[in-house]
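Hi everyone, thanks for coming. Let's have a look at one chain together and walk through how it is put together.

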Amino acid sequence: MRRRLFGATVLAAFAAALLFGGSASSSSDRTLTTINLRTLNIANALPLDLGVQKGFFAQHGIEIQKKVLQSGNDVVLSLANGDGDVGYLGYVPAMIGRVQGIKFQMISASEVEGTSVDDNWQNIMVKGNSSIRTPQDLAGKTIAVNALKGVGEVMIKAALKKVGVDPNSPKLLALGFGAMRSALNNGQIDAFWAPEPFASQGLNIDGDRIVMAPGPVLGKFWPIGGYGALDSWVQKNPQLAKQFHDAINQSLAYAQAHPDEVRALLPAGTQNVRLPIWSPVVDRDKLVQLAKYAKEFGVIDSLPNMTQLVPSSVTGGKVLQGTVGNVFITLRLDGKSVKTLPHGKYTIVVQDNSKSTGFRLSGPGVTKRTSVKGTGRSTWTLTLKKGKYVYSSITHPRRRTTLRIT
């Protein structure tokens with residue numbers, strides 16, 4: 001029954017395993033508990049590998065044994081069948097499992113999408129010479145996704161509807177991420193939806209184009225996925241679940257701060273990809289909207305109990321967008337400037353576009369800044385306490401705004 005519900009047979013993706021091969025930690029000082037992890041062959045999952053490499057999991061008493069699968073649906077099915085302890089997956093497959101009787105819950109958030117086609121890492125790609133120029137041109141075309149009734153299907157349909165395209169007009173075809181570029185090149189499909197490194201391989205090797213970034217159409221920093229397990233596993237191993245939560249959150253924070261070390265884990269020739277925005281906080285409001293989209297497009301027939309699916313142990317919060325240029329500095333939530341926010345956890349993604357100044361945030365318990373001469377993206381996950389914070393230009397102190405945390 002579960003096999004029919006999820007559609008796909010659980011398969012080990014051998015090519016993906018070569019890309020992001022299984023990893024394990026070791027420690028001579030303590031006995032480690034093995035967690036059998038089921039994951040996907042995408043760059044989003046690399047903070048776990050980096051965390052293993054850095055010894056974060058060993059520090060928390062964990063050894064990771066990893067198997068790579070094709071889709072989040074396969075991950076849920078694998079755990080439900082007793083093959084694996086913890087899985088990395090999108091929120092939509094987790095919702096499907098919960099609604100259809102597989103008591104699954106998230107342990108930690110993992111990543112969010114970007115803000116536009118320019119910075120997003122998960123996009124709909126077409127050939128460079130394709131007649132498909134706009135999202136409207138996708139009507140009636142065949143788009144590859146890694147699984148039907150999954151994250152891709154929900155986000156593509158929701159984004160198309162938002163831009164005025166019949167969400168049921170394209171034909172969706174399930175293919176593994178590794179097979180999509182070949183299918184596009186030989187004409188089997190008209191477009192594919194994929195994350196990194198597959199999107200950049202299409203851009204840089206095949207000369208493909210991005211025709212749509214569904215996530216940013218739905219909202220800035222749209223939540224995508226995380227790590228979860230069956231309720232029964234968490235109830236049997238509450239301390240181990242917490243240890244995993246702490247280790248993966250430490251790994252996400254390290255990946256935020258050390259993108260070059262993440263890139264070093266990628267195969268030669270693919271290091272210049274658009275890295276995901278890793279964040280241990282989940283925007284529960286956006287997650288509820290994602291569930292509503294999943295129901296609207298028939299992926300689930302009822303809304304899941306969100307407090308059971310994403311318990312309070314998963315850190316809730318918002319993602320803020322900071323930008324600094326030569327003559328301006330901004331801080332926004334969902335595209336709108338903010339001067340007052342409730343206290344709590346926030347991930348702040350700062351795009352520094354100036355070689356002569358930087359972005360500085362200071363206040364109770366926080367002193368953060370970007371480089372004055374450097375440019376690029378910096379990501380910080382912070383606890384903002386009640387009080388007054390100031391974000392300002394480093395070299396132009398009068399260019400400043402007070403942020404009140406209530």
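This is a predicted model: local features need pLDDT of at least 70, side-chain atom pairs count only at pLDDT 80 or more; totals for chains, interfaces and linings use all residues.

Residues are numbered from 1 along each chain as its sequence is written, and side-chain values use heavy atoms, with hydrogens and water left out.

So, the overall picture. The protein chain has 15 helices and 21 strands; these are DSSP runs numbered from the N terminus, with helices being H or I of at least four residues and strands being E of at least two. A compact globule of 406 residues would have a radius of gyration near 22 Å, and the 21 Å of this chain agrees with that. For the record, that radius is taken over C-alpha atoms, and the globule rule is 2.2 Å times the number of residues to the power 0.38. Along the principal axes, the C-alpha atoms fill a box of roughly 60 × 60 × 45 Å.

How much of the chain is buried? Buried residues make up 56% of the 406, where buried means under 20% relative accessible area, exposed over 50% and partly exposed in between, using a 1.4 Å probe and protein chains only.

Now to the sheet. Five strands form an open sheet in the order S7-S6-S8-S5-S9, with mixed pairing; two strands pair if DSSP finds at least two bridges between them. Strands S7 (171–174) and S9 (209–212) stand at the edges with a single partner strand each, so one side of each is left without a neighbour in the sheet. From one strand to the next, the twist averages 35 degrees. Strand S5 (residues 123–126) runs antiparallel to S9, and three bridges join them. Methionine 125 stands opposite isoleucine 210 in S9.

What packs on this sheet? Helix H7 (residues 151–162) does, touching S5, S6 (142–145), S7, S8 (191–194) and S9. Contact here means heavy atoms within 4.5 Å. The direction of H7 makes about 140 degrees with that of S6; axes are lines fitted to C-alpha atoms, for helices over the stretch in contact, and angles run from 0 to 180 degrees between N-to-C directions. Helix H8 (residues 177–185) lies across S5, S6 and S8, running at about 160 degrees to S8.

Staying with H7 for a moment: 10 of its 12 residues are buried, among them Glu153 and Lys157. After H7 comes glycine 164, with a positive phi near 90 degrees.

Most residues other than glycine have a negative phi, and most peptide bonds are trans. Lysine 149, in the loop between S6 and H7, has a positive phi near 60 degrees, and its 37% relative accessibility makes it partly exposed. Phenylalanine 221 also has a positive phi, about 60 degrees, and lies in the loop between helix H10 (214–218) and strand S10 (223–230). Is phenylalanine 221 buried or exposed? Phenylalanine 221 is buried, at 5% relative accessible area. Finally, the peptide bond from glutamate 196 to proline 197 is cis, with omega near 5 degrees, and proline 197 is found in the loop between S8 and helix H9 (198–206).
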